[in-house]
Amino acid sequence: MERLDKILAAAGCGSRKEVKALVRQGRVKINGTTVRSADEKIDPQLDKILLDGTLIEYKKHIYLMMNKPQGVISASNDPKAPTVVDLVPESLRRKGLFPAGRLDKDTEGFVLLTDDGQFAHDILSPRKHIPKTYVATADILLDQRAVEAFAQGIDIGQGQICKSAQLRLVEKEGRQECIVVLQEGMYHQIKRMFGTLGGRVLTLKRIRMGNLDLDEKLAPGQCRELTEAELQQLKCLL
């Protein structure tokens, strides 16, 4: 059983405050009966919810794509810094929402947020080998030797040797961009890989998870729900 205002907010009908006002105005019906209390408990799988005569579809879980900006922590909450969950608009927030995987505070790009623990576990499992693609710039120019080193696996110290990774070097607007594809996620991995080659990462952005690209229309800090097709696109990898 769930509170009516929580269900309506999760369905994108407005913030919790806004949907409470809708209920008070008599615009919501449960199984054909107008309700006036937003804290009424209902079963979203069995009860029929209408808002202004329109059937409201309740989703058990939510899956969000976010373009994380720099300076934001990939966590559900933090007492000292803003988190990715803090950036989620009220209409998309759910209890238990968290980022499936982490990006460093100064790294931007694709973060997947969900309240589906099993899905997150599967997408992050090393056994699934879900690739993640990044674009980086560095303070040195890399060459074919770096491409081969990434492919062979780099010793980044502390007894850690990276698995084979893809490195593609491209020229863009007069500077070198490095496209990196990883199938693991060690701590500061890309920065440490570049460090072994004598370079320092200047900018880093995740642009793809699995077979799903970051939506270029999302400005830094914005997020949206995955479409059903996008969700299935990811699930087919699990």
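The face of helix 4 (144-152) that is turned away from its buried side carries Arg145 and Gln152, both exposed; exposed means over 50% relative accessible area, buried under 20%, and partly exposed in between (1.4 Å probe, protein chains only). Helices (H or I, at least four residues) and strands (E, at least two) are DSSP runs, numbered from the N terminus. This is a predicted model, in which local features need pLDDT of at least 70, side-chain atom pairs count only at pLDDT 80 or more, and totals for chains, interfaces and linings use all residues. Residues are numbered from 1 along each chain as its sequence is written, and side-chain values use heavy atoms, leaving out hydrogens and water.

The buried residues of helix 4 are Ala146, Val147 and Phe150. They line one face of the helix, because they fall within an arc of 105 degrees seen down its axis; the arc is taken from the directions from the helix axis to the C-beta atoms. Strand 13 (166-172), strand 14 and helix 5 are included in what covers these residues, with contact meaning heavy atoms within 4.5 Å. Just after helix 4, Gly153 has a positive phi of about 105 degrees.

A nonpolar core is a set of buried Ala, Val, Leu, Ile, Met, Phe, Trp, Tyr and Cys residues joined through side-chain atoms within 4.5 Å. The largest has 33 residues, of which Leu113 and Phe194 touch the most other members. Among the elements giving two or more residues to this core are helix 4, strand 14 (175-182) and helix 5 (189-196). Apart from it lies another core of 16 residues, including Ile7 and Ile30.
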